[in-house]
Amino acid sequence: MGSRVATIEHLPRAKTPRTFFRRLRAGDHIAWAITALAAAAVLAITLLLVWELYSSSALARTKFGWSFLIGRTWDPVAGEFGALPFLYGTVVTSALALAMAVPLGVGAAIFLAELAPPRISDGLTFIVELLAAVPSVIYGLLGIFVLAPLMRRAGAPYGVGIMTAAVVLAIMILPFIVSISREALLSVPREQREAALALGATRWEATWQVVVPYARLGIFGSVFLALARALGETMAVTMVIGNTPQIGASLLEPGYSIAAVIANEFTEAVEDLHLSALIELGLVLFGLTLVLNALARLLIVMTKRKGAEQ
Amino acid sequence: MTRRKITNAVMFGLTGLCALLTISVLFFILGYLVYYGGRSLSWDFFTQLPAPPNEPGGGMANAIVGTGKLLLLTALIGVPIGFAAGVYLAEFGGRTFSSIVRYTADLLNGVPSIVIGIVAYALVVVPMKRFSLLAGAVALSIIVIPITIRTTEQFLRAVPHSLREAALALGARKWQTVATVVIPAAFRGVLTGTILGMARVAGETAPLLFTSFSNQFWNRGLDEPAATLPVMIFNYAISPYEEWRRQAWAAALVLLTLMLAANLAARLVLSPRGARHG
């Protein structure tokens, strides 16, 4: 009966046994195949990415082995490559940025999700979204011309340096921490708040003693995501870190980061070993962010699931 | 007032201050860009090629066109793949393969853009033996695919099941249901997501440094390097020439205006009617 409506043209051939081709002609399998191919392309791209990084860094990996990660000298002319100054710069700038941005970001998220009146909260949230869309090269531009002179006055000998980069990074990751923490807080079930308020808690007590602990994992997730972003951030850091491969005694001195050295030296690398060492740095960076992202996703999924169970 | 109420008020104020500080960054950025960039903007900026260092005048016409071409090419390569994969995840996918694809897309989304630049370099620049617009578009496509997948899947899933069932009950096939009922219903949302995704890659600089590179003249084909606004801002900002630095401010103002316009447009597309479908 049902076949009378839309598929009437297929009726005469209904008895043919070649069902595969018939179904193919009906279109479902074609649609399935096209979209599945696109989905498979995502896997292929990711595998290709890992393979390219791994195979193109073979020269540096075989020559230096694990000592690549602890070598302190980066001298393209002598053909000696050690990644420690870059690892140091990347990790220290990101850690400092987190230390500055997390309290501020989580505070703002609590305000937007729990305490602010809805109207104000909507408007402010939109502005935070806009902030997340500002390109990193613009942060770098302001870093060079506005922040670096300020830092020089504050005691940094060159203005640019590890601390300057950390401040710019902190400002850049702030909107991510705010919006992801806010989502984590909003996924806490209503009943939790209502129960606390009904017991006589003030809004702040309900937030701090009930809602925030409940959303803890999601907030950690936002921190990991922000850290991954900070580690991989390139342009803004390249413009303000000072680009000197050293481990300075002071945080105000210039340094270098993994992403920055790739950005600066990649097009100038003429020696195969130099290029290969830069790609190995890329592999290290990829590995770091991969682990952090995987952890962050796991935490965020766990919070959402916890919220959905209730 | 009791101490508890005072704590409540104080924390309200403190967290409010955090929020205020966060959003004030946007106004700082806007203020500086309008102040420094606005002074350096002129008609020439939009119509002239870059001038040699220390010569007055010149503009970034080639970089503006270059960014446009690059985005167009990215929209042609990356968006269809991401869209189709998103449709697969929302409509056709099974369980295991879908969750693997979803997780992989999330991880791809977190890969630093400079690393994606390296991969596009290895895939396109090395075989072609030259920097090219195409290589830049490949890099940006790899970035835009996971974003498109996520928004497509999200908005297709928000379409009520009753719509699908109604179409299927009328005898439509699965693909007809998806193509003529589900996708049109989710169109606004998907369009918004695409605009936002393109706006995000429009500002990407790192993956272009060694793919589309830069060019002081017009780009004449897919296999030639091209100037783009973000890369020009970077090159000009770190240059020692006063005139170039002024132009970097102007270019930053233009780029930020485009981003904000895209974000506002996306918000307008989504509301007021689309908001109901989520």
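Which residues in helix 7 of chain A meet residues in helix 10 of chain B? Keep the question in mind; the tour returns to it. Note before starting that this is a predicted model.

Chain B has 11 helices and zero strands, so coloring by secondary structure shows the pattern α-α-α-α-α-α-α-α-α-α-α along the sequence. Its C-alpha trace spans about 70 × 70 × 30 Å along the principal axes. Of the 278 residues in chain B, 49% are buried. Among contacts in chain B with a separation of 6 or more, 73% join residues 24 or more positions apart.

Next, show chain A as well. Here 72 residues of chain A are in contact with 71 residues of chain B. On chain A, select helix 3, residues 28–56: this helix supplies 17 residues, the largest share of the side that touches chain B. That side of chain A divides into 51 nonpolar, 16 polar and five charged residues.

Now select helix 7 of chain A, residues 136–153, together with helix 10 of chain B, residues 229–237. Their axes come within 10 Å and cross at roughly 15°. Because angles under 35 degrees count as roughly parallel, helix 7 of chain A is roughly parallel to helix 10 of chain B. The crossing of these two helices is left-handed.

Finally, show side chains to settle the opening question. From helix 7 of chain A, the residues are A:V137, A:G140, A:L141 and A:I144. They meet B:P230, B:I233, B:F234 and B:A237 in helix 10 of chain B. By class, this contact has seven nonpolar residues, one polar residue and no charged ones.

Key
Residues numbered from 1 in each chain as written. Chains lettered and ligands numbered in written order. Predicted model: local features only at pLDDT ≥ 70, side-chain atom pairs only at ≥ 80, totals over all residues. Contact = placed C-beta atoms within 7 Å. Helix = DSSP H or I, 4+ residues; strand = E, 2+ residues; numbered from the N terminus. Nonpolar A, V, L, I, M, F, W, Y, C, P; charged D, E, K, R; others polar. Axes fitted to C-alpha atoms, helices over the stretch in contact; angles between N-to-C directions. Parallel < 35°, antiparallel > 145°, perpendicular 65-115°, else oblique. Left-handed = near helix turned anticlockwise from the far one by under 90°. Buried ≥ 20, exposed ≤ 12 C-beta atoms within 10 Å, placed from the backbone.
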